[in-house]
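Today I open my notebook on charged side chains and where they pair up. Come along and keep the structure in view.

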Amino acid sequence: MTPPAALAGVDIGSTHCKALLCDASGTVLARAQRRTPRGGAGGHHHPAQDLLAAGLGALRDCLRSADREPDAIGVTGMAEAGAPLDRDGVPLGPVLAWSDPAPAPYAERLARRWGRAALHARTGVLPQAKVPLAKWCALSAGMPDLPVRMRHWAGAADLVAHALTGRLGTDATFAQRTMAWDPEAGAWLPDLLAEARLGPHHMPPVHAPGAPVGHVTAEAAAATGLRAGVPVVVAGHDHPVGAWACGVRGAGQVADSMGTAEAVLTVAAHPPDVAAAGAEGMSWGRHVDGRGWIVLAGMQGSGALVEWFCDRFLSAALNPHETHGSDRYAAFARLVSESGPATGEADPGPEELMVEPYLYGRSSPRPDPDATLTVHGLRPHHGAGHLARALLEGAAHHARWMTDTQATLTGVPPRRVTLLGGATRLRSWTALKAAVSPWDVAVCAEPEAAALGAAAWAGAALGGDPEALRLPCTPLTPDPEAATLHRSRHHTRFLPLVAPQRPPSAPSAPSAPSSSSASSPLLVPSPSSVPSAPPAPSPSTGPASPSPSTGPASPSASTGPASPSASTGRANPPRPALPRGPYALPQAPRAVPYDPPSDKESRFVSSPEQAVQTDRAPALTGGSLAPAALARPDGTFAMVAADQRDSLRTMMAERQGPHEGPVSDARLTDFKLATARCLGPYASALLLDADHGYRPVLDARVLPDTCAPILAVDRLDQRPGGPVEDTWLDEEADPDAARAEGTRGLKLLVIWRRDAHRERRVALAARFVELCRRAGLASVLEPVARATPEEVTAGSFVLDEAIVEAARELAPLRPSVYKCQVPGGGVGTVSALAARAARIDAVVDVPWVVLSQGVAADDFPRAVEAACRAGASGFLAGRAVWTAALDAPGPEAALRGECADRLAMLGELVAEHGRPWWEAPAAVRGSAR
C-alpha cells in the first residue's frame, strides 16, 4: 500500500529558518530550525550562502529526524528581503533585509516623483525604505551597470526554491510587496521599474497559487539528500500563508501574526477603501488563494519588544544561565506571571503602567516615524516584571487598534481574530490580547503555521486541495471583569495617548478622526476627509512633482481623478492612473510564466488555432501572435534582413565599375537568392521584400525548415541614392495568402520624427499590428528615428533620446517583435552600450531585437552583446552580416564563407546573452489562460 504523501514546509524568517514535515491532514511528523544569519552594519544583511545553508540545513535536519523524504516542498518567508542575481543565478551580493533603513532617501524620492497616495493606490504599498523598489533604486545608484549585471531579482524564499530547482519564480503575495506590481492586473509595472533602470524581465516569473517553480535537480538532490524530481512551490508571504493555514480565509476573518514583527491581516471580498488605507499606513493586495483580498498592517517592534527587554534588563533580574537562548523567554514569561495573578486567581486587570510600544516608530495606524517607546505612570514600587507586563499590554492595545481600523477600511466587523506565530507561546500575552479585544479570539495550536501553510500549498502540486488543511485553534475566554477594565482602558487611556485628537483649526492638515469613545472607537478618517492624491504624471511631463510655491499638484479634470467628496457617497475614490503610454492595451489578469518548447518539439505551427491548442505559440499581451516561429529553439532571434530595395541597388552601384551600367532587378534577385541559400541554415528567419526577393526565394524552396520567411509589407518613399523618407502599407499585400504559403511574419518600417505626422505614423503602425493579428502572423515593427529639418538646423537631435521616445510611443501597440536601432551608433564599450540599451528595455515589454543600419560592421557584434545584456532577444540585421559579399569577386563564395561565419558568431553571442522571447513581460502575461 502506498503511504500517504509527506509534505515539507520551509519558512525563511527574520530570526529563524524553520522547516517541518507533515502529512496531508496537517499532522506534523518532524520539525527543525536554525538561526537566520545576519551581517553588515546593524545586521541589515543576510549573507546569501549562509542564508541558503540555514534554510536547507533546517530542512535536512527535519528530514533526518523524520527519516522520510517529502513528496513536495513549499517555501514561505519574509517579504521585501532579497538579492540581485547574475546571469548564472549567483547572488551579486548579500540578501538585503527588509529592515535595512539605507534605501529611505530613495523611497522619499519615489514619493515625491509619483505621489505617496498614487503609488499606494496602484501597488497596494506605501513608499518606505523596506520596499524592494527603493532597494533597487539604491543599488542602481551605486552600481551603474546594474541593469546589465542583474539578470533577476530573487526574494529570500525564491532563493531557496532556486537552489533546489535551478528555476526562479515567485508568488503574487511576494510580488505585491515590491511596489512594482499591480495587484489588480497581476502584472509588473514597467514605468515604476524604470525608476531603477530595470524592466519586468529583471523580475522573477510570478506563478499561480500552488503551481511549482520547478523540481528538485539531481545536483540539489545530491547536496541535500532529497529525491530528484520533487516539486517545489513558492507558497508566498509568510503572514498571509500562516493566516490561511489557520483558517483565516473568508471576509471578516482576522489573523494577528506575532513574530519579531507583528502583522494584523483582515480578509475582504474586495479591495478596501484605498485612500483611507494609505492614510492609515496600511497595505492591501491579494490573499494567497489569488481570489480574496487582504488589508495588512504592521508593527516592527512586537516580539522585538521582548528581545529588547531581555537584552537590556533580563541579566539584571535573573541568573546568568537564564539569559541565553530559549531560557530567557521562559524567564521573561515567569517575570510577567509573577507580576500578574497567581494560578487559579482572577486577572486583576490592567497594569497601572501604560506603554506606547513604538520601539521603531509607528507605521500604522496614524503613521508616525518619530513615535517612541514611552512608559507612562512609572512609580518607585514598579519592578522589571511590571514593565515586562506593561510592554505586552501596550502591544495588545496597538494590535486591537490596527484591527479596529481594518474593520472600518473593509466595512466588515471582525468575525474572529486568530493569534499565530512564535510569540503565542507567551500565554500571558495571548491572554492579554483576548482581554483587550471585544470579539472572539483564538490561538493557533501550531507554532509554525506559516511553514505548515507552505506545506499545504506544496500539496497542490500533487493534486491536493490546500483548503482541506485547517489547523486547530483554541478559543480564549478572558476573565469578564478584567476584560471590562482592559477594554475601557483602551479608550480612556491608550488611544488618547497614542492618537490625541487634532485641533480642528490646524492649518492644511487632513481632517482628523474623532477621538475615541465607547460608542465610536475607530480612528479612521472617512473618505471625504482623506486628502486627494496628486495627479497622474502625463507622458509628456513625467511624474508630477510639488511646486515650491504652490505645494503638491492637485488633480484636475484633465490630469487626474477628482478627489472624493462627502456628497458622492463613494467608498472608493477613483485611483490615480500612472502612464503606460498613449496606446496602452489592457493587461492580463494574472502573470503566469510561459513554458518554452523543448528542442525536440517543432517551433512551427500551421495555424493560429493550432498555436492556441498546443500552447506552443500563445498570444502576447494585446493579442499579437507570439514570435515562436521566428525564433531558435532557445527563444532567441538570429534573423537576416534581405528586404533592401533601392538601398541595395545603391550599394551595388557604388562597388561596380563606371561602365557597367545600372544595377538590374535580376541582379538584386540573384543576390537575395544567394543570401537565402548560404545564410538560411544559420538564420532563424529571413526578411524579404515583395519586389525582388520574396517570390523567387519561396518558389526556389531554398530555405530550410529552421528559417522562417518574413514578408516586408512596407512601400517606401525613397529617392535614388537617398534614405527612406516615409513609408505606407502595401495595399496589394495579401497576408492570408502569405500565411498559406508558409510565411510566418510581416514587417513594417516606420520613419519616426517629431513632426506633424506623428499621429498618422502611429495609426499606420497600429493598423499593421492589427492586420497581423487578424491574419495569425507575427508582426515585426521597425521604427527608425530621424531628425526633422528644424532639428538638423538647430543641432538639437539626440539619437538615443529619439530611439527611447519612439519606443515609448510605439511599443505599447504590442507587436510580436520590436526592431530597434542601436543606441549610440554602436560606439562604446559593452557596459556603456548596455546601460543605454537598458533605457529601451525599460519601455519595451514585447520581445525586441536590434538592426544594423547605421552601425559599423566591426562594431555590430559588440552592440548585439550589449543590447542582449540589457534585455534584447537578438537581431534582425542585413548590412552587418552580408556587406562583405558585395565587395568580393564572387558573392556566393563570400556568403558561404566570411558572411556565414559572421552570422554564426553573432548567433553565438545571442545564445549566450540574449533573453528568450518568452521571458519578455508581454509574453509572460500573454501566456496567462
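These entries go through the salt bridges I looked up.

**Ground rules.** I am working with a predicted model, in which local features need pLDDT of at least 70, side-chain atom pairs count only at pLDDT 80 or more, and totals for chains, interfaces and linings use all residues. Residues are numbered from 1 along each chain as its sequence is written, and side-chain values use heavy atoms, with hydrogens and water left out.

**Overall search.** I looked for salt bridges (a side-chain nitrogen of Lys or Arg within 4 Å of a carboxyl oxygen of Asp or Glu). The search of the whole structure gave me 53.

**D404 and R400.** I found these side chains joined in a salt bridge, at 3.2 Å from N to O. Both sit in helix α14 (residues 384–410), four residues apart, about one turn of the helix. Helices here are DSSP runs of H or I, at least four residues, numbered from the N terminus. D404 and R400 are both buried, where buried means under 20% relative accessible area, exposed over 50%, and partly exposed in between (1.4 Å probe, protein chains only).

**R915 and D841.** Here I noted a salt bridge whose closest N and O atoms are 3.4 Å apart. R915 lies in the loop between α29 (891–913) and α30 (921–926), and D841 in helix α26 (residues 830–843), so this pair ties together parts that are 74 residues apart in sequence. I also marked R915 and D841 as buried.

**R632 and D634.** This salt bridge comes out at 4.0 Å, N to O. D634 counts as partly exposed because its relative accessibility is 29%.

**A network.** Last, I traced salt bridges linking D643, R645, D714, K747, E782 and K819 in a network.

Key: Helices (H or I, at least four residues) and strands (E, at least two) are DSSP runs, numbered from the N terminus.
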